[in-house]
Amino acid sequence: MNVRRVVKWTVGVLLIIGVVGFLAFLYLIPPFTLMAPEEFSGPEAAAANVVKLDAIKDPKTRALAERGKYIVVTMGCVDCHAPPGPTGPDFARYMAGGLKAAYKGHGTFVSANLTSDRQYGLGRRTDEDVLRVLRSGVSADGGRQLWYRDMPWAWFSNWTEEDRVAVLTYLRQVPAVSHKIPPPVTEGPMTYDSAAIEEGSAVNAGTTP
Amino acid sequence: MRFLFSILLICGIGFGGVASAQTTGKAIYDERCAQCHGVDGRGNGAAAPVLMPRPRDFAAAQFKLRTTETGSLPTDDDLIRAITYGVPGTSMPGWQKFLSTADVAAVATYIKSFSPRFAAERPQGIPTVAASVPGAPTPQTVAAGKGVYDKLRCAACHGTDGKGTGAIATDLKDDAGRPLPATNLTEPWTFRGGATPQDVYLRFRTGMNGTPMPSFVTAASETELRNLAAYVLTLARKPVWDMTADEVSAFYQAQATEAARDPVRRGRYVVSTIGCSYCHTPVRTDGSLVDGMLFAGGQKWTATPFGDFVSYNLTSDKETGLGAWSDDQIKAVLTRGIRPDGSRMLPYPMPWPSYASLTASDLNAVVAYLRTIPPISNRIPAPTRPNIVSYLWGKFQLLILKKDMPLVTYPGNAGSAGGE
């Protein structure tokens, strides 16, 4: 009799601890505002773990790439151009793309793979193709004009051409990640109304072939 | 009879051709040009408030890049050249890779329909322009050109060194009343009309309509303007892509020194490129930014499950903007996500973990520039948090069910100024 009671109580207490613990876990898991600012790993740490500029032999390329890195890091390109995960961007696959934004009536757009991968990344693009996107928002695929709220090219068009070339030089140093990005699905012009919902902060829309 | 029939047929084909060019031109324009130049051609497209310089207003019909007399309309070839090759130093791309010559011509025809001037006037060509081919610059023409630079007082706007920092350079405005910096003549890769001696000469000869750059046709002779072009091209410095490693380092060092000397200028550059106005400006239902409210905040989102957020007023308004904030308070938000009341921000929508990497001198520059933004009164509501149950349920969906959580963007201004 006593044994059954002990078991019953134990199970009950464990159950309560489990539920409370689970709720606490849900509450506390990042991103959470009580985390110290220094504990967030920002774009700089993400870049440092993956892109090794010290290994560049040509000192001029290195100088340009360093400048480009500063712009790319402070701009936060990786916030959109990293595969998203439930607790934030997957910085290990730095710049591999895959963040999806879907708007009712406007279409579905997935951030591009900016790594030097020759099949799916910027490795398949010419310098001018990359610079054109960063200057005018005109995609190398058929010259499609990217919508400035999907890819904020309008601000990058204000870079000096010299800074834009520095950004390109840096992006060329990003190691290849084989990560396939689906093409955009365009439905119509953008409308923000109560029904127009942007989705996709948590699920990676890219695939690893 | 057969003759009449032929005439009718030719007219029919001709008319049909014009009509289809108009339709093609409009279709291409709406798809590729309207985002900047606006559906009605007024240079007020969705992205226009951000762009420096602003996209051309085709309804105003003031064109900078022409081979025609000052004040005149451009020729069709002038328009076609700009569409085909783009405009250096601006966001205007060359479309030659993506559009056929027929498509480009159709777009040029459509652009002309935005202003009645094209139907009423003819462009006044300059016969000598096409005929005269400038010779290669010589020490003599360059020296003579220096004299013309002084005589025409080019330095008042472009500076004695050509860097665009002349005495009245900061007061310059275009015809629409917007500030327009004098061109830096040491960076020929940014010359809007190109950087051959002929291109540069043309800007002196024709002037740039809609801007403070006049035509010097009455103030100087043909030869003087040719010599001036030769001289201006000697002001060029090397671009970074032609520099050696040591030159690149020295160049960046000089830029840093210049930024410390003029932090407002550097701050304007950082802010205009880093994208603050993407969020800190109300957005209309069609996704365009509200022009007069740049940096006044008021864009609202619901980021499930974290609550509602409204972008802050970054103008120098003392009551509702950053006017009463200390430098350190602004920097704490920018680099650590800590508000003046001590509360903490999420790492998004405000991407402060990126700005944490700004150098101390760039941070100073950004703060210095933000202080110069004219005040706009727009009180921003505090973020609202969901109740604990919705929050936990939202996180359960996000983390366990792997559901796409919607981020809703609301059009209009959620601040006290209201309006669009």
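In strand E5 of chain A, Thr186(A) is the bridge partner of Gly107(A), and this pairing belongs to an antiparallel arrangement in which E4(A) and E5(A) are joined over 2 bridges. The model is a predicted one, and the values reported here are computed from it.

Chain A as a whole contains 7 helices and 6 strands, which follow one another along the sequence in the pattern α-α-α-α-β-β-β-β-α-α-α-β-β. Of the 209 residues in chain A, 44% are buried. Among the contacts of chain A with a separation of 6 or more, 66% are accounted for by residues 24 or more positions apart.

Helix H1 of chain A was examined for both its span and its burial. With 27 residues at 1.5 Å a residue, H1(A) should span 39 Å, and the distance of 38 Å between its end C-alpha atoms agrees with this expectation. The number of buried residues among the 27 of H1(A) is 0, and the helix therefore lies largely in the open.

The contact between the two chains takes 54 residues from chain A and 61 residues from chain B. On the side of chain A that touches chain B, at least two residues each are supplied by helices H1 (2-28), H2 (43-50), H3 (59-75), H5 (127-136), H6 (153-156) and H7 (161-171), as well as by strand E6 (197-198). The most is given by H3(A), with 8 residues. When the residues on this side of chain A are grouped by class, 29 are nonpolar, 13 are polar and 12 are charged.

Several backbone features lie in loops. In chain A, Met95(A) has a positive phi of about 70° although it is not a glycine, and its place is in the loop between strand E2 (88-89) and E3 of that chain. With 30 other C-beta atoms within 10 Å, against a threshold of 20 or more, Met95(A) is buried. In chain B, a positive phi near 55° is found for Ala61(B), again a residue other than glycine, which lies in the loop between H2 and H3 of chain B. Ala61(B) is likewise buried, with 20 other C-beta atoms within 10 Å.

The loop between helix H2 (34-37) and helix H3 (76-85) of chain B also holds Pro53(B), which is joined to Met52(B) by a cis peptide bond with omega of about 0°. A further cis peptide bond runs from Thr304(B) to Pro305(B), with omega near 5°, and Pro305(B) is placed in the loop between strand E1 (300-303) and strand E2 (307-310) of chain B.

Notes. Residues numbered from 1 in each chain as written. Chains lettered and ligands numbered in written order. Predicted model: local features only at pLDDT ≥ 70, side-chain atom pairs only at ≥ 80, totals over all residues. Contact = placed C-beta atoms within 7 Å. Helix = DSSP H or I, 4+ residues; strand = E, 2+ residues; numbered from the N terminus. Nonpolar A, V, L, I, M, F, W, Y, C, P; charged D, E, K, R; others polar. Pairing = 2+ DSSP bridges. Buried ≥ 20, exposed ≤ 12 C-beta atoms within 10 Å, placed from the backbone. Expected span 1.5 Å × (residues − 1).
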